[in-house]
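This report covers strand pairing and helix packing. Look at the fold below before reading on.

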Amino acid sequence: MNFIDVARCFVTGIALFIPACLFAAESKPNILLILADDVGSDAIGCYGGRSYPTPHIDALAKGGMKFNHAYAMPVCHPTRVCLMTGRYPFRFGKAGSKWGDFPRDAEGITIGNRMQQAGYATAVTGKWQLCMMKNDKQHPSRVGFDEWCLFGWHEGGRYHHPLIYQNGSLRDDASSLYGPEVYADFLIDFMKRSHNAGKPFFAYYPMALCHDVTDDLKDEHVAYYKYGRWMTYGEMIASMDDMVGKVVASLNEMGVRDNTLIIFTTDNGTPAASYLTVNENGKMVRPKVVSVQNGKIVPGGKGKLDDTGTRVPLIANWPGHIKAGTEVDDMVDMSDYLPTVAEIAGLKEADVPRDGISFAPVLFGQPDHRKTREWIYIELRNKSCVRSPDWKLYRDGRFYNLQQDPGEKSSLKADLLTGEAKQNHAELTKVLRELQGPLTQP
């Protein structure tokens, strides 16, 4: 569309939609994508959570857009594969569900690779869990990140006396440091250097917080926080919010806040329990985690395929571009982030099949220009389901009316369905039937 076409639209009164990709191609906004760990919507104040103050995250929602129907996989690994590739893990066969690994077929087509193609400086900091870093110190570079600062998953601590790999080398100065501060400081330094170099940045921040400490180190435990214990879940939530506030404040100090899109979400629901200390027998003790949300007690549901395990916060904030105080019911799942940031970065759709659908038009107040997402998909090992806002169908046949039965207590019998229930069952059955096999190149 050239200038004459645009002028003609205004003169004739034809409604004009300028796609986000055209807008972004001129300005190349910075993008900060935050993925907190083990934090359900129940733990966030702006979602009705009352157990843990989250003022910095709530401020992002107040000044931006809050999604009511954002979903993740029930646990961290499949969520990360999905976010990184824009594909559901089963699309990669066994390689997509191998814990702590990443499909070789996905190298070169990830969210990091795409942002490099758009001319962005890229970095990742915090939790990786897509390889054993000690065995593959250059893995982040192959999937699109120029720089990285990541703790050694199942190798050592992530919080106190952390074991951290930075740009391919093990840091020798971190033993007295607090991991989350290290990850945040690294990210801030990267953003400053990129800005000073005149290059837009894509900062992926999969936080270590608020997952509890590593529990499988041989004959040892990671360092305590203080008082002979690790951090409580509430203390981790407070630290998570502080780190978000710290990074956002740095954008203001750099003078780039108005040209930076911040997306905050999480990888799965709140955990049912969190390691706190070690008893007299040397066994790690894991107290239960319970939140209060909208006046109701909500036990942590990580690992479950219901809302307590999969419904997560999603907040987008970009001053002057995303209307403050907006609340939307559009459905988003983890496959949608890659096509969204790629569109905002000005990229055309690549000849790479994805499951995700860009929600950039929703962010910019043009939801009618988004391809309709009528369902989201959830999987964990050999379990899977699809859901619309009001209905949910598991591959094993269980079917729920979520408006009447949000806790999924009583499955509806397929042979007794009528009317709307029967129609929705048929539609979701068709979706599950078609969600089979790998996505291959055209």
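## Terms and model

Axes are lines fitted to C-alpha atoms, for helices over the stretch in contact, and angles run from 0 to 180 degrees between N-to-C directions. Contact means heavy atoms within 4.5 Å. Helices (H or I, at least four residues) and strands (E, at least two) are DSSP runs, numbered from the N terminus.

The model is predicted: local features need pLDDT of at least 70, side-chain atom pairs count only at pLDDT 80 or more, and totals for chains, interfaces and linings use all residues. Residues are numbered from 1 along each chain as its sequence is written, and side-chain values use heavy atoms, leaving out hydrogens and water.

## Helices on the sheet

Helix α11 (residues 337-344) lies across β1, β8, β13 (311-317) and β14. Its angle to β8 is about 175°. Helix α9 (residues 233-254) lies across β1 (30-36), β7 (201-206) and β8 (260-266), at about 170° to β8.

## The open sheet

The sheet is open and mixed, with 10 strands in the order β6-β5-β4-β3-β7-β1-β8-β13-β2-β14. Both β6 (169-170) and β14 (326-332) are edge strands with a single partner each, so one side of each lacks a neighbour in the sheet. Two strands pair if DSSP finds at least two bridges between them.

Strand β2 (residues 65-71) runs parallel to β14, joined by 5 bridges. Ala70 has Val332 as its bridge partner in β14.

## Two hairpins

Strand β15 (residues 376-380) pairs antiparallel with β16 over 5 bridges. Ile376 faces Arg387 in β16. The hairpin has 2 residues between its strands, and Arg381 in the turn has a positive phi of about 50°.

Through 3 residues, another hairpin joins β16 to β17. These strands are antiparallel, with 3 bridges. Cys385 stands opposite Tyr394 in β17.
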